[in-house]
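The exercises below concern how two chains meet, and each is followed by a solution that goes step by step. Please look at the structure before reading the solutions.

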Amino acid sequence: MTKCIRCNVTVDNQHYRCPLCSKPLKIRGESTTEYPSYKEIYQETKPFTVAKLFLFLTISAIVLSITINALTYHINPRIWSIIVSTGLIYAWIVVKDTILSNKHIGRKILYHYVMLSIFLLVIDIFVGFRGWSTNYAIPLFGVAATFIMTVLAIVQKSLWRHDIGYILAMFFINLCPMLLFVFNLSHVIWTSVFSIVYSLLTIIGMIIFSDRKFISEIRRRFHY
Amino acid sequence: MKKWYKLDNAAKLFPSVTNTKNTSVYRISAVLTNPVDVDALQQAADTVFDRFPMFTVKLRRGVFWNYLESSTDKIVIAEDQQYPCRNIDPTTNNGYLFKVLYYKNRVSVEVFHALTDGNGAVEFLKSLLYYYLMYMGHEIDTEDRILLADSGVDIHDMEDAFRRYYKDCYVESVRNSRAYHIKGTAFEQFGNNVVHGVVSASQLNALAKQKGSTITAYLSALLSYSIYQTRIKYSKSNAPVVIAVPVNLRKAFPSRTLRNFFGVVNLGARITEDTTLDELIFRMNEMLKYKTGKENLQNIIYNNVALERNKATLFVPLFLKNWFVNLGFHMLGESKRTLTLSNIGNIMLPQQMYKHVELIEALVYPSNKSPMNCGISSVNDKLVITFTRNIVESDILQYFFSTLAGEAGLEVKIYSNDWGISE
Ligand SMILES: [Zn+2]
């Protein structure tokens, strides 16, 4: 025990310095109230990680493609760098959210579906919107994502615990192509209808092949 | 089939507002007279497992609300290595929202606030220590002060007491201005520094009595005064200092729940050059007395529950709720308080346990807008005042503890975890 004269308090033996005013103290010894030394943790935070490297490479590539695009615009008057950039951002998400992350597989599929839809829409728009993304790609990818998720859930027997939320989310997403149709962004009706019918059948299948777990799972998700 | 629980009324807030810099994780520690035996502590953790089903849960996301799902995974104790009140990563620790940690003589429980409040965590720590001491070969008569593992789970432990004591009533809403906010330099590496000051509980109580006040009001006043003297005095700000004091609602509304059941009352004062400390103590005490009156606490319960009972909020998807709750938390909660002072009070143990427990410490997590918070707890006539902060500056606590030692004449013993302090 040492007195810190400046602060008028006694300081426990575990300290070299007064924790209030940092005045050096003479004695140091054992104490029951000692905390771990944080030295190792201070050193642990690495400035270099694989994720950071990929982020840097992605940003560099985007900046380069925009620069080249701008410099060669008089030769090739198209803004192709936007397509390259979205592609690179998508690639980065593949690395960070799929390869380097341990997130739930259902979530990964959902992310990919959303990002891929945006990516294809961007390409479609910049090569002079012909509507192949909204007509075919987005609804059909939705069906594919739901299908993969359902198969995974059945194979892993995790349907009623972890995957049901994502399958429900995909169900609602698959209703969206109908909106594209309503807002005149899509002109092919069979893909929208197909995606809706498919997800409806998925839900009906889940209900028919369900046991009490399904009802209880729905109740805890919705609370009422 | 796994059991699941709804989050209690207070708990609904925490998952929405939590991030690495506002962790909603508090810590309650016991410093024992002897170094901790790891095997005995693990055995004790295994024993108390069944008695606290409210703790052994994982947080899951629903569509409209989050919920808690029970789990049968073991509680794994771990050596304390990280700074206190760090955010709990749900992908580690078996997905549990609390941790049991040990280091030298200290046993700590870190709890994500959605599980329970300080009262629940103290009950857990007490049971854990009781079994730990038993496995260490000490005989202890529980005197009915410990929740025993073989007593079975009480249905009352689980109640959402907010709902039981909800009453439709008229509530006045007062528009308060922004409170003064402490600013400071962040540590080179993000983390929390803790400084504990130990004083005699009876001497401090006598001192507070002498000024006609309680310990909580006395320390709130001294803390406000310290903030004025070290900061506001030299700035142009005339914002009020507002101390947020969590109140255990079980005292006014009897409940044995082990979940959250607390309300927060704000003690505010606009301090000027002419304000004396005695005057401030008197004002804070009056305010605390009034605000912890039953009627006012009933209003707090009403305000908490009314929104949740609103049928419209039932059908707002979770991500939107998170957004609104976050906004409300910053606008109405965080910006209207300078810091939180939480007094978990005198911990009552069975007689035979006292000689094994030296100190109980309560650590309140800091956040961005209140980078320094205060926790108070006492056992064995030793009262520990703990400041947890994420800024370098220690001027306020230096003034606070110096005044407590100097003018009040108490003996103050200081120790710290030295986070962010080189060497
Ligand atoms: Zn000092």
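Predicted model: local features only at pLDDT ≥ 70, side-chain atom pairs only at ≥ 80, totals over all residues.

**Exercise 1.** Determine which strand of chain B is joined to β2(A), and in which direction the two strands run.

*Solution.* Next, take Thr10(A) and look for its bridge partner in β15(B), which is Lys413(B).

**Exercise 2.** Describe the extent of the contact between chain A and chain B.

*Solution.* Start with the residues: chain A contributes 37 of them to the contact, and chain B contributes 54. Then turn to area, since the size of an interface is often given as the accessible area lost when the parts come together. Between them, chain A and chain B bury about 4,100 Å², of which 54% lies on carbon and sulfur atoms.

**Exercise 3.** Find the salt bridges and polar contacts between the chains, and then say which elements of chain A supply the touching side.

*Solution.* The count of salt bridges between chain A and chain B is 2. In the salt bridge of Lys104(B) with Glu34(A), the closest N and O atoms are 3.4 Å apart, which is within the 4 Å cut-off. Polar contacts across the interface come to 17 residue pairs, with both residues at pLDDT 80 or more. On the side of chain A that touches chain B, at least two residues each come from β2 (9-11), α1 (39-44), α6 (159-174) and α9 (212-222), and α9(A) gives the most, with 8 residues. Sorted by class, this side of chain A has 14 nonpolar, 11 polar and 12 charged residues.

How values were computed: Residues numbered from 1 in each chain as written. Chains lettered and ligands numbered in written order. Heavy atoms only, no water. Contact = heavy atoms within 4.5 Å. Buried area = accessible area lost by both parts, 1.4 Å probe. Salt bridge = Lys/Arg side-chain N within 4 Å of Asp/Glu carboxyl O. Polar contact = N/O pair within 3.5 Å; in protein donor to acceptor, adjacent residues only side chain to side chain. Helix = DSSP H or I, 4+ residues; strand = E, 2+ residues; numbered from the N terminus. Nonpolar A, V, L, I, M, F, W, Y, C, P; charged D, E, K, R; others polar. Pairing = 2+ DSSP bridges.
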